Amino acid sequence: MLQITDNGANITLSGKARGTGDGLFWFAVALLFGAIGVAMAMSLLPERLAIGALAALVVFSFIFNKRRNRQKKGTATQISAGIVKVQPGQFVHNWMGQAQRIVIQADEVVTVNGSTLLIKDAQGQVTCQVTGFDAAKEAQVMQAILEGQQFGKRHANIKMQSS
């Protein structure tokens with residue numbers, strides 16, 4: 001649903017949010033159980049074995065943090081559900097009580113491919129992908145507002161259909 005406001009537009013995305021499916025959650029759960037196991041080992045096992053278990057937990061925590069940081073840097077933001085509040089040069093994505101502000105940099109390009117809005121950096125890499133629009137026209141309106149075109153309520157073309 002598209003709603004024109006005084007300084008931009010509000011767009012409700014109707015897509016389904018998708019998980020990344022990279023196994024990071026299960027690795028974190030395994031680390032939690034490992035920490036519980038190390039706590040038990042510290043009280044039950046001899047000192048050498050307890051220190052070895054603690055060292056293994058530290059190594060696995062280091063690997064987990066490396067993978068998590070690589071995941072944060074390497075993947076493009078994918079938005080498919082929630083409410084997008086678009087203003088010239090930026091938009092705010094609200095979903096499940098969390099707000100994420102995305103500002104379009106000077107060297108980034110905003111394109112529309114069907115009903116998908118893509119934001120690409122200077123090298124052509126996709127930094128943000130927005131899907132879940134009800135119609136391709138909503139993606140085009142979002143692109144126009146991000147590029148600085150002004151849409152006022154008096155410029156909105158309203159068509160009514162009878163049933």
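Modeller: First a term: buried means under 20% relative accessible area, exposed over 50%, and partly exposed in between, using a 1.4 Å probe and protein chains only. This is a predicted model, where local features need pLDDT of at least 70, side-chain atom pairs count only at pLDDT 80 or more, and totals for chains, interfaces and linings use all residues. Residues are numbered from 1 along each chain as its sequence is written, and side-chain values use heavy atoms, with hydrogens and water left out.

Biologist: Is histidine 93 buried or exposed?

Modeller: Histidine 93 sits in strand 5, residues 90-95; strands here are DSSP runs of E, at least two residues, and helices are runs of H or I, at least four, numbered from the N terminus. Its relative accessible area is 9%. Because that is under 20%, histidine 93 counts as buried.

Biologist: Which backbone oxygen does the side chain of histidine 93 reach?

Modeller: Contact means heavy atoms within 4.5 Å. Leaving aside neighbours within four places in sequence, histidine 93 has contacts that include Ile79, Gly82 and Gln98. At 2.6 Å, its side chain reaches the backbone oxygen of alanine 81.

Biologist: In what order do the 4 strands of the open sheet come?

Modeller: Two strands pair if DSSP finds at least two bridges between them. Strand 3 (77-79) and strand 7 (109-113) are the edges, each pairing on one side only. The pairing is mixed, and the order is 3-9-8-7.

Biologist: Which residue in strand 9 stands opposite isoleucine 79?

Modeller: Strand 3 and strand 9 (residues 126-130) run parallel, joined by 3 bridges. On the strand 8 side, 4 bridges make an antiparallel pair with strand 9, and there leucine 117 has valine 130 as its bridge partner. Isoleucine 79 also stands opposite valine 130.

Biologist: Which glycine has a positive phi in the turn between strand 7 and strand 8?

Modeller: Strand 7 and strand 8 pair in the antiparallel sense over 5 bridges, with asparagine 113 opposite threonine 116. They form a hairpin with 2 residues between them, and the one with a positive phi of about 70 degrees is glycine 114.

Biologist: Why is strand 8 largely enclosed by the rest of the structure?

Modeller: Helix 3 (residues 136-146) lies across strand 7, strand 8 (116-120) and strand 9. As for burial, strand 8 has 5 residues, and it is called largely enclosed because the number buried is 4.

Key:
Axes fitted to C-alpha atoms, helices over the stretch in contact; angles between N-to-C directions. Polar contact = N/O pair within 3.5 Å; in protein donor to acceptor, adjacent residues only side chain to side chain.
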